[in-house]
Amino acid sequence: MSASPPATAVVILAAGSGSRVGAEVNKVLLPLRGVPVLVWSLRDALALPGVRRVVLVVRPEDRTAVGEAVAPHLGDREVLVVDGGPSRHASEWAALQVLAADVESGEVEVVAVHDGARPLAGVPLWRAVVEAARTSGGAVPMVPVTQLVQDDLAPVTDAVGGVQTPQAFRAGELLAAYRAAARDGFEGTDTSACVAAYGDVVVTAVPGSALNLKVTFPEDVALAEELSPLSAADV
């Protein structure tokens, strides 16, 4: 008999804005093939085996809009919407505090953290990072980065990787790292940075994808449209 999937909690960060994308609303609420950008990630998360909790982290002023945007796509599932903080790290910490009781009780074994502005990650990548985190303690998607130059414009010849999301970690170690960071006032640039600073966790690199783009600029929305052949309802 195969092992049961880990009890997983998913945190989707949606507390950014639409300033650089040129939108008047949060960029995760922009339409992508007929549904909000955020819904693509939410559908992926809900399709994962063993998901017990899904937390959407939003700006306080976006709570109503986000709730209305995702409600038609939840079916009989529930998500928890919480207010984010002034930084990515603060938003992650807000979500982890909500999940703390479930982590401490053992109900949640793995936590996956994803940027809601990356709509095309896909279920296989989500599954890969969760399974790798269950085995090694942590996992992040990475893609090769080329055509970099140094300060003197000399080409970078070493192998360099770009980190994406979703990133997944064993829940106990992740919570402990963020609690230590809160005591010290430390803020990491992403989830793995905090774990690296405060945790003794082996973080595994899993193959990411060039399709897993982040919606940051106006042209990213158009590109995501071209790269997403199916509607979110078909994913």
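Author: A salt bridge is a side-chain nitrogen of Lys or Arg within 4 Å of a carboxyl oxygen of Asp or Glu. The structure here is a predicted model, and it holds nine salt bridges.

Reader: Why is the pair of Glu92 and Arg88 called a salt bridge?

Author: The closest N and O atoms of Glu92 and Arg88 are 3.5 Å apart. The cut-off is within 4 Å, so the pair counts as a salt bridge. Both residues lie in helix H3, four residues apart, about one turn of the helix.

Reader: Why is Glu92 called buried?

Author: Buried means under 20% relative accessible area. Glu92 has 2%, so Glu92 is buried.

Reader: What makes Glu104 and Arg179 a salt bridge?

Author: Their closest N and O atoms are 2.6 Å apart, and the limit is 4 Å, so the pair qualifies. Glu104 is in helix H3 and Arg179 in helix H5 (residues 171–184), 75 residues apart, so the pair links distant parts of the chain.

Reader: Why is Glu104 called exposed?

Author: Exposed means over 50%. Glu104 has a relative accessible area of 52%, so Glu104 is exposed. Arg179, at 33%, is partly exposed.

Reader: Which residues do salt bridges that share partners join into one network?

Author: Arg88, Glu92, Asp115 and Lys214.

Reader: How do you know that Arg53 forms a salt bridge with Glu107?

Author: The closest N and O atoms of Arg53 and Glu107 are 3.2 Å apart. That is within 4 Å, so the pair is a salt bridge. Arg53 lies in strand E4 and Glu107 in the loop between helix H3 and strand E6, so the pair ties together parts that are 54 residues apart in sequence.

Definitions and conventions. Residues are numbered from 1 along each chain as its sequence is written. This is a predicted model: local features need pLDDT of at least 70, side-chain atom pairs count only at pLDDT 80 or more; totals for chains, interfaces and linings use all residues. Side-chain values use heavy atoms; hydrogens and water are left out. Helices (H or I, at least four residues) and strands (E, at least two) are DSSP runs, numbered from the N terminus. Buried means under 20% relative accessible area, exposed over 50%, partly exposed in between (1.4 Å probe, protein chains only).
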